[in-house]
Amino acid sequence: MELSRTKKILLAIVILLLVALSGSFIYFNDYYHSGSEVESYLQSGENVSVIHIDEGYYFKGKNNNGTALIFYPGAKVEFTAYAPMMYELAENGCDCFLLEMPLNMAFFGADKASSIIEDYNYSSYYLSGHSLGGVVASSFANENANKVKGVVLFAAYPSSKMDDNLKLLSIYGNDDGVLNMKSYDEGRSNWPEESEELVIGGANHAGFAYYGHQDGDNNASITPEVQQDIAIQKILEFTQA
């Protein structure tokens with residue numbers, strides 16, 4: 001029996017929804033996986049306790065100065081790829097919270113920092129993130145400027161004017177092939193009054209973590225270890241100032 005017009009329309013809608021859902025599943029499951037280098041940084045060591053929490057991982061150092069950094073990973077990157085940098089920051093006095101995001105997309109977990117700020121007792125919180133994660137982190141910080149001291153962005157820029165009660169550190173590599181420099185330069189007008197910038201020579205987009213080469217990125221002339229060490233030293237100076 002021939003389908004009625006209404007049934008045909010409903011069937012077409014169902015088919016379109018199934019196609020859309022199938023496409024979304026493929027898109028969100030095609031992400032950058034953490035490299036094997038990160039495994040040892042997900043284990044507690046002599047100077048850093050690594051604790052698996054509901055929000056992700058908590059890196060707690062022995063010599064904390066009252067400062068904590070809450071990190072939002074880049075889009076479609078497995079969050080543990082950033083563990084080495086978080087571990088080394090904690091080892092040097094700045095405890096870190098590495099957030100796990102639904103479907104590896106920071107905007108699906110934009111408010112995850114809220115529970116950390118409520119449940120822990122640090123004197124200074126900094127919001128941080130890589131690429132899209134940095135955009136989301138800066139938005140959260142701006143909406144919670146009374147609870148956050150500053151923002152550390154990796155190859156990212158704020159999407160709206162930031163509260164001048166915040167301070168900002170922007171870090172990127174001069175060999176970054178992913179960061180849209182036109183948008184980045186336009187985004188400078190959104191920086192708060194107290195802002196700093198670090199451009200790392202020979203660094204690219206993916207070198208702030210361990211997930212391999214990213215599509216569209218340039219090859220770096222320095223190793224991820226060197227790139228991250230330079231960033232870590234600057235972050236420690238910035239958060240301890």
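**Salt bridges**

I began with Lys 234 and Glu 196, whose side chains meet in a salt bridge (2.8 Å, N to O). I count a salt bridge when a side-chain nitrogen of Lys or Arg is within 4 Å of a carboxyl oxygen of Asp or Glu. This pair links distant parts of the chain: Lys 234 sits in helix H6 (residues 224-240) and Glu 196 in strand S8 (residues 194-200), 38 residues apart. Helices (H or I, at least four residues) and strands (E, at least two) are DSSP runs, numbered from the N terminus.

I noted that this is a predicted model, where local features need pLDDT of at least 70, side-chain atom pairs count only at pLDDT 80 or more, and totals for chains, interfaces and linings use all residues. Residues are numbered from 1 along each chain as its sequence is written, and side-chain values use heavy atoms, leaving out hydrogens and water.

Next I looked up Glu 186 and Lys 182, which form a salt bridge with the closest N and O atoms 2.6 Å apart. Both lie in helix H5 (residues 181-187), and because they are four residues apart, about one helical turn separates them. Lys 182 is exposed, at 59% relative accessible area, while Glu 186 is partly exposed at 48%. Here buried means under 20% relative accessible area, exposed over 50%, and partly exposed in between (1.4 Å probe, protein chains only).

I also found Asp 185, Arg 188 and Glu 197 linked in a network of salt bridges.

How many salt bridges are there by this rule? I wrote down five.
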